[in-house]
Structures are given as structure tokens and as C-alpha cells.
Amino acid sequence: MKAGSGGGFRAIQYTWKKGREAGGLWKLYKAMRTRNACKTCALGMGGQKGGMVNETGSFPEVCKKSLQAMVADMQPAIEPTFWQQNSIADLQQRTPRELEHLGRLVHPVRYRKGATHFETVTWREAYDNIVEKLHQTDPQRSFWYFSGRSSNEAGFLLQLMARIYGTNNINNCSFYCHQASGVGLQSAVGTGTATVVLEDLEKADCVFVIGGNPASNHPRLMTNLMHLRRRGGKVIVINPVRETGMLKFRVPSDPVSLLIGSNIASHYVQPHIGGDLALLWGIAKAVCKLGAMDEAYLDQYCNDVDVWRHAVDAITWEEIETKSGVSRSEIETIAEVYAESKRCVFSWTMGITHHAHGVKNVQAVANLALCRGMVGKPGSGLMPIRGHSNVQGIGSVGVTPKLKNQIFEALQSKHQVQLPTTIGKDTLECIEAASRYELSVGFCLGGNLYGSNPDSKFASEALSRLDMSVMLSTAMNTGHVNGLAAETYILPVLARDEEPEPTTQESMFNYVRLSDGGPRRLPGPRSEIEVIAEFGNRLIPNAKGIDWDAMRKTSTIRQWIADVIPGYDQISDIDKTGNEFQIGNRTFHEPKFATADGRAKMHTHAIPELKGREDRELRLMTVRSEGQFNTVVYEEEDLYRNQDRRDVILMHPDDLIRLGLEHDNRVQVISDTGSLQNILARGYDSIRPGNALMYFPEANVLVPRHTDPASKTPAFKGVVVRVISDQNASV
Ligand SMILES: Nc1nc2c(c(=O)[nH]1)N[C@H]1C(S)=C(S)[C@@H](COP(=O)(O)OP(=O)(O)OC[C@H]3O[C@@H](n4cnc5c(=O)[nH]c(N)nc54)[C@H](O)[C@@H]3O)O[C@H]1N2
Ligand SMILES: Nc1nc2c(c(=O)[nH]1)N[C@H]1C(S)=C(S)[C@@H](COP(=O)(O)OP(=O)(O)OC[C@H]3O[C@@H](n4cnc5c(=O)[nH]c(N)nc54)[C@H](O)[C@@H]3O)O[C@H]1N2
Ligand SMILES: [Mo]
């Protein structure tokens, strides 16, 4: 059956199916209702108000992927005999989905160069060997990667340990995600996170959704968009693909919406991939022509307005139309809608950040908001829609190559710890340094560093040049079986809702939640915090200023966070009071910016040429399906895009004809970086001609290591490919 809308009965049906897998719907419901922050995206729900509740108290808030993540954690264990029966070569053949469905990791396992299989080891053996190796290693030759799934406490403790050990090579998945948002926002408005809170969405009369597919990736946002449309507001979607759920969505918790569906987009603009910068400048030009700018606001609160205004005048419609792929009249229509808005929120995701001009994109969004005075008043502002549930918190508590000066100084003065001052590497720099044999040890707190990287072949070779890698994980993924270091350890950890002590998470609205933790589901995995504290104790037992045993208590870590992390002072007694809170000085409802002179800054850009225009070329985006969470694939199908499998390249039917192909022909997809064979070319009329779509992480062999110079984020959505018929390939 073709999906004509997002959400709806299918989502409910899926809940029943997942309930069965979890050993009963009631059991799943109980797990979902515990007081723990949701494990998936950063929109945030759960915590002390109870599971499936958002920060405004709305219930029931639930989405398919939160169920998937929960059921995945409720899987049975991988038995010790599994590791003897299945070789690494065999595991490398498994798909991401098969690896995830092997079950929960419960034993520490090790691979040693030359071996054909992983072997189980005791925790003691693992600690002894890892610590010995770390002692023999120059700390500068180590790196520490963090996913955004772990708690603030685990993130803070591990970065602290790595720094005291002696390196600043500390980074998180944000470098492959929203780094451009942080850098762009900081440069424009002086704070790197959303300027709005959830309530602002309920007050807005217009929302831009740029380069994202929240119907699939942040489904709970759809309720807010539905409410906005019901109030007569406008939703402007900017996306090269007409995403089913962005047109119509059936909000499962709303009976009317469930039955007939809710219209989401009031306007849908389809630029070329990478065409947003030109488009955003075009909208600004049209707003200017309408005389709809807020001159008083610009005068009073913004810098560099004249240079910006001059550039807006100078850019030609011809350049805008060619580089965006959108006609002047369409751009003028959008500008009119925006000009009528009194309270507008600009939201965006990876279609904006995954480009070599990601930071410029974000700055252009900020320009557009600022020119009508839409930052710093209720119901309007800037809203990057974050990825992982705690990616923002991990960044706040210091998991960055460079610590904010304030944190650095507070750690040294209040806790007397000694921190290195060397320059730390970002994520891709670590991979490149490993490839040059300049690093010897990698330590990952969750995530899938191999799988999330561009240029998979390069990443695998680079990681296999390490002497040792250590991964703290809950389940298997492709990163555990590819790019293995000479000595590789996988250490099983507890999920957030199994932690023995409370932990905290920060949502994309800068709201800090308390998770109670809960009983373990299986014997074997250990608490992340316990494992990190144990490493600290063995690695640097006499470190000045730190008592590792005290750090086993999450309340001690929270006290440190309160002492040193700006805006986090209320965290110290959160476990006693249960008072979740909004971090100070980030969201603002007055135009007072956190910049040196309190004013926002308008940025001016040269617009890059649109790539991929040659004969036989296509511009490729690598994206997620509705059935996956990053490198974890729960279902092979992509319901909303009506795909039953993942080894496909979707392109407009006109492009199929242009390339001399027919629907479902086997093709080879080639980029400057790599190629994939035996891919099914499929006609997909929802995509703008000239552009193509493939699924991450399988397509990462094609993605070059080309990054945005300002944010170091790879251009995951800006890949130029050629498609060649693979007639000899077997079907
Ligand atoms: N179900 C599910 N939810 C998730 C995740 C998941 O994997 N699965 N991952 C989480 C994480 S870590 C993140 S960062 C977010 C990601 O959330 P999204 O950013 O929504 O995810 P993507 O699939 O990367 O894709 C992007 C959208 O950008 C569009 N796009 C691609 N290129 C361009 C472009 O050049 N311009 C414009 N305007 N649009 C473009 C694509 O058509 C697609 O609709 O989701 C989070 N939530
Ligand atoms: N081509 C392409 N590449 C991309 C992207 C893209 O759109 N296109 N998106 C990028 C983005 S936005 C991101 S965020 C990155 C994703 O980067 P990562 O965060 O590195 O990857 P994930 O796939 O989310 O990591 C999943 C693994 O985390 C572990 N895990 C889950 N829960 C926990 C926990 O509670 N604790 C611990 N310790 N481990 C846990 C499990 O073992 C699971 O297999 O990928 C990036 N790469
Ligand atoms: Mo992400």
C-alpha cells in the first residue's frame, strides 16, 4: 500500500507489532512511561514529568523511533558461544539491520590482529590490558569520540579523564551533524543553540522548515505544525524532495488528524540540493523589495547592515535563479508570506548543515530572521532541530576539542585539576591523523565512528592503523566489525533507563531533564559512569584534584558540572528536588544578544556554483529512511518514500530517461571517492530533476572527505555522482 500521508494508523499498527516483540504491549508501555528522557531525538520528552510527556506537559507524546529504540534495548543477550560460532569475516557480511538484531552486548569482547573471531574476556582483563596500553601511549596519540546518546554525567567525566590523561583530541558526533548550526548561530547571534523554547512554536504564525524531514526524524514536531495550520498559520517547507509526511501527516494522538490527516506544508519550495544559500538570499532580496524589513530593529540591534544590504541589492535574479533552481516568482511568493508574518520561527536540519557552505547557510537563515526583527521576541526565532537525544548536553558539558575559557578556568581554579593546552582535533581530523599513523589509540563512548564517516574505505583503513580501539556500546553495529584496530575491545554498557543512578540530558530547547535510571534488563553490561570512573582510577590514580571513587556517584559529577558549566548551576540538587530547568542565557525573548557588544551580526556571502551539472551527473544527498536511526537500521523499508529496500538510488523519471535507464535497472554509482555496484535505479517523481537520493550509511563509500572549512562538517548532502548502467550484473 502506498503511503499517502505520514504517521496515522500505520504508526499505531507498528506500536502493536513492537509491543509483541517486547514481550507484551503493557510491558512496552511501562518501559516507555518510566521517568527517563527519551532515547532518540533531541526534541525531548520524558524525564520527571514521566515518559511520553514533553516539557509543556503534553501527553501522550510518542513516536515510532522511540519505540524502536526501546524495543532494541529490550532484546535478549548475545550469548558467549555466538562469538566462537561466527567469524569476523561472517559478521562483516551482515547488514546494519542484522547486526543490530543480534541482541544486547553483555560480555566484553576482544579482537587481536590475526584472529578470525572475537573472544570474550573478563572485565578485569579488559581493564588491565586497556590501561596498560594507555600507559604506554603518548596521550597526544589518543582520541576520544562521543556519540550523543550518553548522559551529561558520562560525557563530562570521560572528557575530564581524557584531558587529565593529557589530550584535547575530544570530539562528538556533532562534527558530522549540527556543528555548522553552532558555529553559524554563534557568529550571528552570539549563542550556538536554539533561541526559542517549545512554547514559542505554539505562538508563531509562520514556520520555515528547511532541509529536514521531521515527519520521519522528529515526528513529534508535527503536532506543533498541525496546531499552527489549524490556527491559520503558514508552514513553508524548503526541500528538494516532496516528503510525504511534510505534505500530510496523521497525528496519532489527535482523533481528527488520525482519521482525515492534517495538511502540514502551506508552501513547498523545491530548490536543487545545495541551492538554499542562493534561495535564502533571494527571499531576502524580495523582502527588501517589498519594504518589509524592520529598519528600526536593524539599526538598533544589528551590525554590518549596510554591507549586507548592499550585497542584497547587488546579487542578480539571474544568479539567484540559476544557483537555487527556484524561479523569481516563486521566491517572491514566499517573501510575501514571510512579510505578512508577525511571529516567525526558522527551523532547519541536515539539508542545511551537510554542505561545504553549511555555516553560510545558517548565517543566511539568521540574516533572513534578523532583517524582519524575528530574533528576540516571543513566538519567533531560530531553531536548529537537533539530532541525538543528548548531543546538545554532551557539547555543553565540555565534549569539544577546545574547552570554553570559562570552563577551563573554573576547572583549574575550583577543582585544581591540570588540563592540557594543546590544540585538539575534530572528528575527521582524527580519522585523517590515524591514517597517517599519527594516532595509536581511539576510545568511543557509544556511536558508530566508522559508519558515520564519509569515505568509508578510507575510514576503515585509517581506523585499522590504530594499535588499540575501545568502544563502549549497547548493541553491535558496522563500526564493531570494520576498520578493526590491532587490538579492539567492545565493552557492553547499560542504556539510560537501566542506569543504577539518576542521570541528566539536555533537549534542543536547552531544557535539562532528569532520568531516574532503572533496573538492569540483563546481567553483564555496566554503567558508563562506573566504567569511566574505573578507568580513571586505574589510569591516573593520583590525579590532582580528583577522587575517582567519589566520581562513581552521579551526584558528585553533577556538583562539578554545576561548579564549572555556564548556565548549569541548578543541576547540583536536581536529583533531590526533581526540578528540571531551562539553561540560562541561551533562549531569549528580547533582542539582547550574547555577543561582545550585545548586537547581532549580518553576514555577507559569495554564492558557490551549483555542482553536478555535467552530462550524466547527478547531485546526490545521503539521507536516513524512516526505518533507521543513524547507522542503526531497524527496518529495511522506507515507508514514507515507498521503498522496500535500501540499495537504491532515487532520481526523477526524467533523469532516468536522460541517462538511458529504466525503473529498477541495475546501475553502478560512481563519485570521485568511490563506487557502488548493483544498485537499483528508481524513478521517483517527488525529487527535483538533476538530484538523487541514497541511504546513509551504505552510501558513505561515495561521500568525499570534503568539509565546510568553518565547521569541519562533511558535505554529506553535496555529492556529485555519475550513474552507469550495469547490464551484466545479476538481478
Ligand atoms: N527516524 C529517525 N530519526 C532521527 C534520526 C534517524 O536516523 N532516524 N537521526 C537523528 C539525527 S542524529 C539527526 S541529525 C536528525 C536528522 O534529521 P534530518 O536532517 O531531517 O535527516 P536527513 O535524512 O539527513 O535529511 C534530510 C532532509 O534534507 C533534505 N535535503 C537534502 N539535501 C538538501 C539540500 O541541499 N537543501 C534542502 N533544503 N534540503 C535538503 C532531504 O530531502 C531530507 O528530507 O534526525 C534525528 N532523528
Ligand atoms: N552519509 C551520511 N553520513 C552521516 C549522516 C548523513 O546524513 N549522511 N549523518 C551524520 C549524523 S547527523 C550523525 S549524528 C552521525 C551519527 O553518528 P553516531 O552517533 O556515531 O552513530 P549512531 O549510529 O547514532 O550510533 C549508534 C550506536 O550507539 C550505541 N548506543 C546506543 N545507545 C547507547 C548508549 O546509551 N550508550 C552507549 N555507550 N552506546 C549506545 C549502539 O551501539 C549503536 O549501535 O552520522 C553522520 N553521518
Ligand atoms: Mo545527527
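A: Two strands are said to pair if DSSP finds at least two bridges between them, and the strands (E, at least two residues) and helices (H or I, at least four residues) are themselves DSSP runs, numbered from the N terminus. This is a predicted model, in which local features need pLDDT of at least 70 and side-chain atom pairs count only at pLDDT 80 or more, while totals for chains, interfaces and linings use all residues. Residues are numbered from 1 along each chain as its sequence is written, chains are lettered from A and ligands numbered from 1 in the order in which they are written, and side-chain values use heavy atoms, with hydrogens and water left out.

With those terms, seven strands form an open sheet of mixed pairing, in the order β3-β2-β16-β15-β14-β4-β5. Its edges are β3 (119-120) and β5 (170-172), each of which pairs on one side only. Strands of a sheet pair through backbone hydrogen bonds, either parallel or antiparallel. At one end of the order, β2 (residues 109-112) meets β3 in the antiparallel sense over two bridges, and Arg-110 has Glu-119 of β3 as its bridge partner.

Helix α8 (residues 152-165) lies across β4 (142-146), β5 and β14 (441-445), and runs at about 170° to β4. Helix α27 (residues 528-539) lies across β14, β15 (468-473) and β16 (487-492), at about 150° to β14.

Buried means under 20% relative accessible area, exposed over 50%, and partly exposed in between (1.4 Å probe, protein chains only); seven of the nine residues of α24 are buried, among them Leu-428, Ile-431 and Ala-434. At the start of α24, a side-chain oxygen of Asp-426 comes within 3.2 Å of the backbone nitrogen of Leu-428, and after the helix comes Tyr-437, with a positive phi near 60°.

Turning to ligand 2, 29 residues surround it, the closest being Tyr-145, His-388, Glu-528, Thr-631 and Asn-700; a residue counts here if one of its heavy atoms lies within 4 Å. Polar contacts are pairs of N or O atoms within 3.5 Å; within protein, one atom must be able to donate a hydrogen and the other to accept it, and residues adjacent in sequence count only if both atoms are side-chain atoms. An N or O atom in the side chain of Tyr-145 is 2.6 Å from an oxygen atom of ligand 2, a backbone N or O atom of Ser-452 is 2.9 Å from a nitrogen atom of the ligand, and an N or O atom in the side chain of Asn-630 is 3.0 Å from an oxygen atom of ligand 2. On its own, ligand 2 has 930 Å² of accessible area, of which the protein covers 97%, the areas coming from the Shrake-Rupley method with a 1.4 Å probe, and for residues only the protein chains shown count as cover.

Note on methods: Contact = heavy atoms within 4.5 Å. Axes fitted to C-alpha atoms, helices over the stretch in contact; angles between N-to-C directions.
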